[in-house]
Amino acid sequence: MELKLEHAAFTQDDFTISDISLTLHGGISLLTGKSGAGKTTLLLMLSSLVVLKEGTLSLDGRILTSHDSHIGIIFQYPERQLFASTVLLDTSYALRARGIGRREAEERAKEALKEVAIDESKWNESPFALSGGERRRVAIAGTLISDPDVLLMDEPTVGIDGYGYERFLDILEKLKRRGKTVLIATHDENLEEYAERVIVMDGGRIVRDSKSRSWLSFLASRLSTSCDIEAVAEAAVEKVRGLR
Amino acid sequence: MNMLGFYQRGDSVLHCISPSSLVTSYFILLIAVVMLSSSLPGIVLSILLIIILYSYGGIALLPAVRALWRFRAFMITIFLMNAFFQPAAEPLFSWWIITLSSDGMMIGLRMIATIVLVTLLSSLLTAVATPLKITDGLRALLHPFSYLHLRTDEIALIISIAITMIPVLAREGRYIMLSSRSRGFAVHGNKIKERVLSFVPLVLPLFLSAFRKADDLTSAMEARGYRGEYGRKRKKVHYAKADVLSIILSILVFAGAAALGGVY
């Protein structure tokens, strides 16, 4: 799916982004830049949750004027949005809110929880009884359950432990395999090896939009999953060509 | 910043007034503005006063007004409630419990004016004074009550923290709202109970967040050695001409408001 922001303007807390254009079409992209550069504001503009002051947001050519369920957003510290009495109920909320029956919603919630590696023994526990990393993954499952085609994430790796980080990388791999469009606002340079594209913001403007430069990380990640040295070398050469 | 209640750095006259003078002037002006907002000329005068104060404080008024615009639904509700439900001797229209009257409309307008003016004035205070400065001002103002064995220092601190937390929680509330909308939040059902329950995904995380913040703040204060206000040494405040002038001007505005109140 193609998410396109054209000549858009938006103001939040006296921070204005004006005349910004960005197109996302598949794959994982990173949105970086120093604090206050406008990353979260840009994510909000792309989320279809806010009304743009100027410009348009379209999904596959369709202009969006209100929130579209094909777009999911995971804000910073998503675990803070948890509210239900059990993990299963919380995860299935998005579907129940859209009128899907409880049984079907819970079945899909179980699938989503398996994807984010939440142990079955914890599905009927209170989400507040889980560890910080588990809570984060439950909250992510709560967004993934809607199966959005475009997923926007704001600093998803902040404040999670090593195990939680590994599981998050697994989730990214799965999203990538399914051909989802993912945009991650982050300061985490390690994520670059999973991204095809790096967008750098400064002062509310996109100052660089390029293919991921981390070809060494790319090579290392390919070598860790494949024994076919020739194929990996070929892929690496292609990547370096793409950078030129 | 167009978020109400945030401190904005500056070196204006208002930024330099001592805490106790600033808070005292604020309370005097607050009463004056409430008194003035009962009549149309008073509202106009209050608006002029607010414009002058904002320009002296070097704070942009427009962003604050824009931030208030977000509460328009709340204000329209207040106006409609007064316009249609105030009992009146000469109603414009009356049916069942609904009574539309010009008096009700005027009361509604005055209430909105009072809310807007008081919010703008309070926002100016928080824009020109840090929470610490407001606490010091409140402490000085409440000091006489300490002779009645009231823990005025603690009261001042609680009020100050509450003021500081309002915009923080408002911002957090906004993100929780957006997050829930992204997950398909909607008000469901026809029964009141169902509709109230559908707000749980918004209200519960906000409450939890407020408690968590309070808990974190308590721990942080204790970790930094806060053991209550008893026995703490404070800097001696030196009053300047601007302090005396601010209180005199505030009293003059108050006297003017009282006099106008008699006229209208």
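**View 1. Polar contacts between chain B and chain A.** Between chain B and chain A, 6 residue pairs are in polar contact, both residues at pLDDT 80 or more (N or O atoms within 3.5 Å, where within protein one must be able to donate a hydrogen and the other to accept it, and residues adjacent in sequence count only if both atoms are side-chain atoms). On the side of chain B that touches chain A, α8 (152–182) and α10 (200–223) are the elements giving two or more residues, and α8(B) gives the most, with 8 residues. This is a predicted model, in which local features need pLDDT of at least 70 and side-chain atom pairs count only at pLDDT 80 or more, whereas totals for chains, interfaces and linings use all residues. Residues are numbered from 1 along each chain as its sequence is written, and side-chain values use heavy atoms, with hydrogens and water left out.

**View 2. The salt bridge between chain B and chain A.** The count here is 1 salt bridge (a side-chain nitrogen of Lys or Arg within 4 Å of a carboxyl oxygen of Asp or Glu), and the side chains of A:Asp90 and B:Arg183 meet in a salt bridge at 3.1 Å, N to O.

**View 3. Strand β9 of chain A and its partners.** Strand β9 (residues 197–202) of chain A has 5 of its 6 residues buried (under 20% relative accessible area, 1.4 Å probe, protein chains only). Strand β3 (residues 27–32) of chain A pairs with β9(A) in the parallel sense over 4 bridges, A:Ser29 having A:Arg197 as its bridge partner. β9(A) runs antiparallel to strand β10 (residues 205–211) of chain A, joined by 6 bridges, and A:Arg197 stands opposite A:Lys211.

How values were computed
Chains lettered and ligands numbered in written order. Buried < 20%, exposed > 50% of the residue type's maximum accessible area, 1.4 Å probe, protein only. Pairing = 2+ DSSP bridges.
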